[in-house]
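Please keep the sequence and the 3D view at hand while reading.

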Amino acid sequence: MKDQPDLKLLATFLAVVEHGSMAAAAAALGYVPSAVSQHIGALERDLGVELLVRRPGSRLILTGAGRSLARAAGELFEATARFRDAADGIARREVAELRVGAYPSAVSHLFPGVLSALRPRERGVRVRLIIVETHAGLPRVRSGDLDLLIAYRYLPEDPPAASAELALTSLGHEPLVLVAGARPGSRPLALEDCLDREWTSGLAHSPDRRLLHRWAGELGISPDVTLETEDLHSMLAMIRAGLAVGWIPATLIDGERGDEGVQRVVLPPGSAPLSREILAVSRPGTRTPVADELVALLTRALRGARA
């Protein structure tokens, strides 16, 4: 027997099995009957076994070997068809799984609605969502461990930056909101009312802390940061408890609990509002259609964040 089956001979054999005669198989395949007979004979010689019992005037009968071969050949051609479908899908940049990294507040406040709208499982795609901060996610995009990273950038000079290894798509700017703990019946809170309070922000050299210092320097103020954390939910909890003032991304303020427990600080006239840029990061030329749809939905969701 040959190391590799002759697919043309197998296809002819399956046609004979399906149609019940060499003449019918020949008509279906566009061959002359003698060609079909020659194919079956060649296949039997290759295998060294009889596949069909030929009786003049009656339907062909499969031998035990013929039945086994018909079953195996059918499975082979089904697997080949599935492989071709998968290869065609890969060529069209369709995937069975999309690995997406995103910072924590995006996962908790943007992705639930976005994934509900996308409904990837109904389209045969599984989105594997991984919580990861921007600085830790970028190497995973470069290595191929992540297909897509939803990242943020507080200052234009901060990473990520486009390169031969990274392609960036800006999803827009998420507003930052200056908030303090709510006090029932209190008048609107002005910035000058917060200058002697304790503030919360990121660690000393983190992007949001540098943005705070840049903003404060332009206004000539010096906020006293006593709670340093990279966890925005912890910042918001301290603010709700009335223990600090801080800049919080609008999506957290507009989240499940809304403005409950906080009040927005009224900025001085002419004071520019702050924001952070949200980016989709991938390797150049690798974004799939479902990833493009995910990016479009995140862009739309981000536009709904109010300042």
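## Strand pairing around E11

Gly-181 stands opposite Val-262 in strand E11, and this pair belongs to the antiparallel arrangement in which three bridges join E6 to E11 (residues 262-266). Strand E7 (residues 189-190) also pairs with E11, here in the parallel sense and over two bridges, with Ala-190 having Val-266 as its bridge partner in E11. Two strands are taken to pair if DSSP finds at least two bridges between them; helices (H or I, at least four residues) and strands (E, at least two) are DSSP runs, numbered from the N terminus.

The model is a predicted one, in which local features need pLDDT of at least 70 and side-chain atom pairs count only at pLDDT 80 or more, whereas totals for chains, interfaces and linings use all residues. Residues are numbered from 1 along each chain as its sequence is written, and side-chain values use heavy atoms, with hydrogens and water left out.

## Overall composition

The protein contains eleven helices and twelve strands. Of its 307 residues, 42% count as buried, where buried means under 20% relative accessible area, exposed means over 50% and partly exposed lies in between (1.4 Å probe, protein chains only). Among contacts (heavy atoms within 4.5 Å) between residues at least 6 apart in sequence, 74% join residues at least 24 apart.

## Strand E3 and its two partners

Strand E3 (residues 97-102) runs parallel to strand E4 (residues 126-131), to which six bridges join it, and E3 also pairs in the parallel sense with strand E5 (residues 148-153) over three bridges. Beyond E5, in the loop between E5 and E6, lies Pro-160, and the peptide bond from Pro-159 to Pro-160 is cis, with omega near 5°.

Arg-276 is placed in strand E12 (residues 275-282) and counts as buried because its relative accessibility is 1%. Its side chain is joined to that of Tyr-154 by a polar contact of 3.1 Å; such a contact is a pair of N or O atoms within 3.5 Å, and within protein one atom must be able to donate a hydrogen and the other to accept it, with residues adjacent in sequence counting only if both atoms are side-chain atoms. The charged end of Arg-276 sits over the ring of Tyr-152, 4.9 Å from its centre, the criterion being that NZ of Lys or CZ of Arg is within 6 Å of the ring centre and within 35 degrees of the ring normal.

Ring pairs link Tyr-103, Tyr-152 and Tyr-154 into a cluster.

## Tryptophan pair and nonpolar cores

The rings of Trp-199 and Trp-215 have centres 6.2 Å apart and planes at 40°, so the pair is tilted. Trp-199 lies in strand E8 (residues 198-201) and Trp-215 in helix H8 (residues 207-219), so the pair ties together parts that are 16 residues apart in sequence. Trp-199 is buried at a relative accessible area of 1%, and Trp-215 is buried at 3%.

A nonpolar core is a set of buried Ala, Val, Leu, Ile, Met, Phe, Trp, Tyr and Cys residues joined through side-chain atoms within 4.5 Å. The largest has 44 residues, and those with the most contacts inside it are Ile-150, Trp-199, Trp-215 and Leu-294. The largest share of this core, seven residues, comes from H11. Leu-294 touches, among others beyond four places in sequence, Val-100, Phe-111 and Leu-148. A second, separate core of 18 residues includes Leu-60, Leu-69, Ala-70 and Ala-73.

Terms used
Rings of Phe, Tyr and Trp (its six-membered ring) pair if their centres lie within 6.5 Å; planes under 30 degrees apart count as stacked, over 60 as edge-to-face and the rest as tilted.
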